[in-house]
Amino acid sequence: MKRILVTGGAGYIGSHATLELLDAGYDVVVVDNLSRGHRRAVEPARLREVDLLDTPSLIRVMQEAPVAAVIHFAAYIAVGESMKNPALYFRNNVAGSISLLAAMQEADVRNIVFSSTAAVYGMPSVVPIPETLPYAPINVYGETKVMIEKVLDWFGQTQNFRSVCLRYFNASGADPAARTGEDHEPETHLIPLLFQAIRTGVPATLFGNDYPTPDGSCIRDYIHVSDLARAHIGAVDWLLKGGESRKFNVGTGAGYSVKEVVDAIARVVGQPVPHVWGPRREGDPALLVADSSKLQGELGWSPRDSALDRIVETAWRWYNR
Ligand code: UFG
């Protein structure tokens, strides 16, 4: 059984990918310092509580048993926080990733799947967004991901590393069996915040209805986290079959506005969603939708659970677990 090392396996996307890897017949060992992840999200026997900056401990984990590939999720993800505390983001996301790569080089593990983001494109000039657009991040979080994509290119050129960078659009929803789900502290994402509004009766603030979109609210490409997780299995399989390094968007190609998400939640949950419209949030592009034809063509991936109602239904089930 091939062993995959998952960093950040106690987090939202990492915990879903771990379940998919196990379902696909891989052995998994998780590295997580639990600074943002949840202990309950990982089987205790799989968890190594190690900080990414601790290179010697990472090497020891890689030497427990041969590791076929690393999937590197562990990172901070809050755009606003990254602008207030850039050192935290550069240390954890950039220095932490470089420590991981140094450990991989030492342990002779040369395949890596990297969690990247649509934030590498900033305010894209072409939508649906092809992977060929230039890097143009507009926040520190996006910049940390650009930096590691470039570092991976250099490790490819100089150290025979092969990498797949997956640029996520809006991860959402939860494991349909509610084994794991979204649980950020503090929560900044739209769907869980709308659920909180239903539960507490305190209206959610929606950021702007004067965008140049049909209903004036921002449009995003919401992808079910289980579909996103399965893209990682495809990427690992690709690398283990000897595939070359790649960068892929992971989205559905369909966009929904904030207003459409509110309406879908009201419909699926069967309760009104208390909300007020406020000003725009700084740094929000009007429209972010992926062209994921490259991923579909090369890895044979396609979304299964990403219909908006399915996203809402699975997220709601987890929220009320
Ligand atoms: N929104 C609100 N009110 C809220 C929260 C969000 O109206 O309280 C709106 C946002 O303005 C945006 C949409 O809902 O239009 C989605 O916002 P999220 O915060 O859920 O997600 P983002 O699109 O801002 O962020 C996602 C990822 C980031 C990544 C970014 C790439 O979560 O990690 O896409 O642009 F950086």
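A residue counts as near a molecule or strand when one of its heavy atoms lies within 4 Å of it. That idea is handy for the first view below. This is a predicted model, where local features need pLDDT of at least 70 and side-chain atom pairs count only at pLDDT 80 or more, while totals for chains, interfaces and linings use all residues. Residues are numbered from 1 along each chain as its sequence is written, and side-chain values use heavy atoms, leaving out hydrogens and water.

**View 1. The shell around the ligand.** There are 20 residues around the ligand, and His-189, Phe-207, Arg-220, Arg-281 and Asp-284 come nearest. By type, the shell splits into 12 nonpolar, five polar and three charged residues (Ala, Val, Leu, Ile, Met, Phe, Trp, Tyr, Cys and Pro count as nonpolar, Asp, Glu, Lys and Arg as charged, and the others, Gly among them, as polar). Helix α6 (190–200) and strand β8 (204–207) each supply at least two shell residues, and β8 gives the most, with three. Helices (H or I, at least four residues) and strands (E, at least two) are DSSP runs, numbered from the N terminus. The ligand lies between domain 1 (3–172 + 222–249) and domain 2 (190–220 + 253–319), because both give residues to its shell; the domain bounds come from an automatic or database domain assignment.

**View 2. Polar side chains at the ligand.** Look here for polar contacts, meaning pairs of N or O atoms within 3.5 Å; within protein, one must be able to donate a hydrogen and the other to accept it, and residues adjacent in sequence count only if both atoms are side-chain atoms. Asp-284 has a polar side-chain atom 2.5 Å from a ligand oxygen. For His-189 that distance to an oxygen atom of the ligand is 2.8 Å, and for Asn-170 it is 2.9 Å. The protein covers 89% of the 680 Å² of accessible area that the ligand has on its own (Shrake-Rupley method, 1.4 Å probe; for residues, only the protein chains shown count as cover).

**View 3. Arg-220 and its sheet.** Arg-220 sits in strand β9 and counts as buried, at 9% relative accessibility (buried means under 20% relative accessible area, exposed over 50%, partly exposed in between, with a 1.4 Å probe and protein chains only). Its side chain reaches the backbone oxygen of Pro-285 at 2.9 Å. The open sheet here has three strands in the order β12-β9-β14, with mixed pairing. Both β12 (256–257) and β14 (287–288) are edge strands with a single partner, so one side of each has no neighbour in the sheet. Strands β9 and β12 pair in the antiparallel sense over two bridges (pairing takes at least two DSSP bridges), and Tyr-256 in β12 is the bridge partner of Arg-220.

**View 4. Strand β2, covered on both faces.** Five of the five residues of β2 (residues 27–31) are buried, so this strand is largely enclosed by the rest of the structure. Asp-27, Val-29 and Val-31 are on one side, with Val-28 and Val-30 on the other. Strand β1 (residues 3–7) runs parallel to β2 and is joined to it by five bridges; one pairs Arg-3 with Asp-27.

View 5. The peptide bond from Val-127 to Pro-128 is cis, with omega near -5°, and so is the one joining Glu-185 and Pro-186, with omega about -5°. Asp-108 has a positive phi of about 60° although it is not a glycine, and this residue is exposed, at 54% relative accessible area.
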